[in-house]
Amino acid sequence: MSELGLILFHTTSAAMRAEKILKKAGQTVKLIPTPRELSSDCGIALRFEWEMAERVRALLNEARVEIAGIHRLK
Amino acid sequence: MIYLDNAATSYPKPPEVIRAMVEFFEQAGGSPGRSAHRLSVAAARIVYDTREAIAQLFNAPDPLRVILTPSATYAINMALRGLLRSGDKVVTTSMEHNAVMRPLRALEREGVQVTVVPCASDGSLEPTDVAKAMTADVKLVVINHASNVTGTLLPVTEIASIVHRFGALLLVDSAQTAGVVPIDMQAMGIDLLAFTGHKGLMGPTGTGGLIISDKVDVSEFDPLVRGGTGSLSESEEQPDFLPDKYESGTPNGVGIAGLGAGVRFVLSRGIDEIRAHETKLIQTLIDGLSEIPKVTVYGTRDATRSVAVMSWTVSNKRVSDVGMRLDEEFGILCRVGLHCAPAAHKTIGTFPEGTVRFSTGVFTTLEDIHATIKAVKQVVRS
């Protein structure tokens, strides 16, 4: 199984925006509850395939979506 | 029945608006942005999609700067109360609705200096008169985009450039123009745009919003209400990021679903087509009523300079009697009186008696207009 990453956000609205942008760009993403140990800023985080991390960052940066962090899931 | 009260609330609503609201309850009934289960996420997606459609319609810089509120009134109060402090100066016009006037009069008692620029008796405003009222210490200028009494459009772009020359911010009340007149926030220089969802945007009551451009320093802009946002839950302080800073409490998910469908209806029909349709109808109505003896039509009487809202009176007849006869004898629904805008009625010379107001909508037909002119003739005659 491929490794997964997780994007954290300040607000749910940004999570929704990111999901839409990444899905449109063909990324495999899923909204999941934010693991408690990572952050409590926003209850929803976006899971993605870690090997696409650079592309994902670039896409969100280009669309000026503010994120609270990107983590590699273990 | 002929519904000519679209300036109060649009009726009927497009079927897709009603469908979106039913679907929200059936398929996405969760609390948007609060939990991460599928129903909450489905609701959050719908709320986000509405933000995006609104941002597209008004060319807002970022969907996350679209703050959803229960009404335009709430949005205007939020902007005025959030930005103005005792000692600040604010400039407005004599054609404003009480959604602007009442919060300003309350702020005035708290030490805010309010200047009201007079409009002409047809509701129009000379940009040079705004320039005369401006000084370097004016913080905010608040104007309606079109009057809810006469329909008269104000020259927003020209006023914006004056306001910005003095380093102030421009707040525009688009209650009568959103969805019926093209609005490009960035091209027009609107710093804060208050809109309602239940008029030209074809959504349900209980929806509206404030779009905050990136020219506004939100660290200097307090929220009206503080509370749960679904974010930053470990803190007892309000978040400072958008839209959460200004959206406390569970949002009106079902209403926002309807609003989103309404905005998409407007986008797909096209603002220019809606505007052309309404301009034709209201000009026909203005011309038809202007020809009737004893009838006075207020405003510019030029549909290209107004939205599809017109006010009129009959000499020696009370507006309340006219309104009742139109409803009971002809099934024509309109609004009579002062329309929550005493300042505007003083400006056009119809205070305190008020006027009869007709306002068409996207579903009004030319036959409706001809039938209305005929009915008014009969009411005036007897």
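This is a predicted model: local features need pLDDT of at least 70, side-chain atom pairs count only at pLDDT 80 or more; totals for chains, interfaces and linings use all residues.
On one side, 23 residues of chain B take part, and they contact 19 residues of chain A. Together the chains bury about 1,600 Å². Carbon and sulfur atoms account for 53% of that area. Three residues, Ala36(B), Arg45(B) and Tyr48(B), supply 28% of the area that chain B buries against chain A, more than any other three residues.

The side of chain B that touches chain A has 11 nonpolar, 5 polar and 7 charged residues. Lys20(A) takes part in a salt bridge with Asp49(B), where the closest N and O atoms are 2.7 Å apart. Lys20(A) also forms a salt bridge with Glu52(B), again with the closest N and O atoms 2.7 Å apart. This second pair runs between chains, from helix H2 (residues 38-58) of chain B to helix H1 of chain A. Glu52(B) is partly exposed, at 25% relative accessibility. Lys20(A) is partly exposed too, at 33%. Arg45(B) joins Glu19(A) and Lys23(A) in a network of salt bridges. Such pairing has a simple basis: side chains of opposite charge can pair when their charged atoms come close.

Within chain A, helix H2 spans residues 53-62. Its buried residues are Ala53(A), Val56(A), Leu59(A) and Leu60(A). These residues lie on the same side of H2(A), because they cover an arc of only 130° around the axis. An α-helix has 3.6 residues a turn, so residues three or four places apart point the same way. The other side of H2(A) carries the exposed residues Glu54(A), Asn61(A) and Glu62(A). The buried residues are covered by parts of chain A that include strand S1 (4-8), helix H1 (12-24) and strand S3 (44-49). After the helix comes Arg64(A), with a positive phi near 55°.

Thr372(B) sits in helix H12 (residues 366-381). Its relative accessible area is 0%. Beyond its neighbours within four places in sequence, Thr372(B) contacts Ile2(B), Leu4(B), Leu285(B), Ile332(B) and Phe358(B). Thr372(B) and Leu326(B) are 46 residues apart in sequence, and their C-alpha atoms are 8.7 Å apart in space. His345(B) belongs to helix H11 (residues 342-348). The relative accessible area of His345(B) is also 0%. A polar atom of its side chain lies 3.4 Å from the backbone oxygen of Gly337(B). With neighbours within four places set aside, the contacts of His345(B) include Val149(B), Leu338(B), Phe351(B) and Thr355(B).

A salt bridge in chain B links distant parts of the sequence. Asp5(B) and Arg357(B) pair through their side chains, at 3.4 Å from N to O. The two residues are 352 residues apart, with Asp5(B) in the loop between S1 and H1 and Arg357(B) in strand S13. Both ends of the pair are buried: Asp5(B) has a relative accessible area of 13%, and Arg357(B) has 1%. Another pair in chain B joins Lys215(B) and Asp214(B), at 3.8 Å from N to O. Here Lys215(B) is exposed, at 62%, whereas Asp214(B) is partly exposed, at 44%. Over all chains, the count comes to 17 salt bridges.

Most residues other than glycine have a negative phi, and most peptide bonds are trans. The bond from Tyr11(B) to Pro12(B) is cis, with omega near -5°. Pro12(B) is placed in the loop between strand S1 (2-3) and helix H1 (15-27). The bond from Phe351(B) to Pro352(B) is cis as well, with omega near 5°. Pro352(B) is in the loop between H11 and strand S13 (355-359). Arg301(B) is not a glycine, yet its phi is positive, about 60°. Arg301(B) lies between strand S9 (295-297) and strand S10 (309-314), in a loop. It is partly exposed, at 45%. Cys340(B) likewise has a positive phi, about 55°. The loop that holds Cys340(B) lies between strand S12 (335-337) and H11. Cys340(B) is partly exposed, at 39%.

Key
Residues are numbered from 1 along each chain as its sequence is written. Chains are lettered from A and ligands numbered from 1 in the order in which they are written. Side-chain values use heavy atoms; hydrogens and water are left out. Contact means heavy atoms within 4.5 Å. Buried area is the accessible area (1.4 Å probe) that two parts lose on being put together, summed over both. A salt bridge is a side-chain nitrogen of Lys or Arg within 4 Å of a carboxyl oxygen of Asp or Glu. Ala, Val, Leu, Ile, Met, Phe, Trp, Tyr, Cys and Pro count as nonpolar, Asp, Glu, Lys and Arg as charged, and the others, Gly among them, as polar. Buried means under 20% relative accessible area, exposed over 50%, partly exposed in between (1.4 Å probe, protein chains only). Helices (H or I, at least four residues) and strands (E, at least two) are DSSP runs, numbered from the N terminus. The arc is that of the directions from the helix axis to the C-beta atoms. A polar contact is a pair of N or O atoms within 3.5 Å; within protein, one must be able to donate a hydrogen and the other to accept it, and residues adjacent in sequence count only if both atoms are side-chain atoms.
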